[in-house]
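Me: I have a structure open and want to learn how to read its features. Can we take them one at a time?

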Amino acid sequence: MSGALATSLPSAPASASFLPPETRSQLVHLPDVQPTRAIPYVITPERRAMLNTIRFAEGTWKGGFDVGYRVMFGGGLMSSLNRHPNRVIYSSRYASAAAGAYQFMPFTWDLVRRSLGVTGFGPEVQDQGALFLIQRRKALVLTDTGHLSPHLAAKLAPEWASFPTLAGRSFYGQPVKKYDRLRSFYNVNLVELRRIRDERRLELSQAAKPAVCTGSRIACATQL
């Protein structure tokens, strides 16, 4: 568990084999996108792979489909993404008000909202909020290397209880995912997301090429 940025993202190629098409699980920003006040964190393949891995660890992966952004603690779904539900759910031995793809606690989401100036609780702002928390844990630079090391997982363990410390346990004594499982899931994601990025770059470069005139010199010179 973790203690309106609308953006137009291109659809990734439908050939992606692991990540379902038309979902945020495979969406990365175009290569030329720069951070802005509205979108402070550009989503690269490395960052998206980490976001997907957090969802996997926190139990909100849901096959990569966007329904994971509606999950509350215990598995129920929010009826609205207008705001954090701030509702305590009792399940088994635990009680929590965590919600969303990254299981934000209400007080953590308040910190995100104040720091980034976001409104609502939609998928875009949840992604940005999770990246803010990764940076807050001084782990964004490590995330950008594209290597999920035990050290990186441990830096995120105080933010997400499902991530293991260097001792292999949850920072909060809760159920935890094994490091090897997280690394395997992350690596599969990263390969797929980098392929999607490269295919998108190729599409853009081909679309930018001028049409080649195959007629006579006069015809080509006068072609509109």
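Reply: Start with axes. They are lines fitted to C-alpha atoms, for helices over the stretch in contact, and angles run from 0 to 180 degrees between N-to-C directions. Helices (H or I, at least four residues) and strands (E, at least two) are DSSP runs, numbered from the N terminus. This is a predicted model, where local features need pLDDT of at least 70, side-chain atom pairs count only at pLDDT 80 or more, and totals for chains, interfaces and linings use all residues. Residues are numbered from 1 along each chain as its sequence is written, and side-chain values use heavy atoms, leaving out hydrogens and water.

Me: At what angle do the axes of helix α2 and helix α3 cross?

Reply: Two packed helices are described by the angle between their axes and the distance between the axes. Here, α2 (residues 106-116) and α3 (residues 123-136) have axes that cross at roughly 95° and come within 10 Å. That makes α2 roughly perpendicular to α3 (65 to 115 degrees; under 35 is roughly parallel, over 145 roughly antiparallel, the rest oblique).

Me: Which residues of α2 and α3 make the contact?

Reply: Contact means heavy atoms within 4.5 Å. From α2 come T108, W109, L111, V112, S115 and L116. From α3 come V125, Q126, Q128, G129, F132, L133 and R136.

Me: Is R48 buried or exposed?

Reply: Buried means under 20% relative accessible area, exposed over 50%, partly exposed in between (1.4 Å probe, protein chains only). R48 lies in helix α1. Its relative accessibility is 0%, so R48 counts as buried. Leaving out residues up to four places away in sequence, R48 touches several residues, including R24, Y102, D127 and L193.

Me: How many residues does the largest nonpolar core have?

Reply: A nonpolar core is a set of buried Ala, Val, Leu, Ile, Met, Phe, Trp, Tyr and Cys residues joined through side-chain atoms within 4.5 Å. The largest one has 45 residues. Those with the most contacts inside it are M50, Y102, I134, L148, L156, W160 and F163. Helices α1 (45-58), α2, α3, α5 and α6 each supply at least two residues of this core.

Me: Where does Y172 lie?

Reply: Look in the loop between α5 (150-156) and α6 (179-208). Y172 has a relative accessible area of 43%, so it is partly exposed. Y172 touches A157, P158 and A161, not counting residues up to four places away in sequence. Its side chain reaches the backbone oxygen of P158 at 2.4 Å. A polar contact is a pair of N or O atoms within 3.5 Å; within protein, one must be able to donate a hydrogen and the other to accept it, and residues adjacent in sequence count only if both atoms are side-chain atoms.
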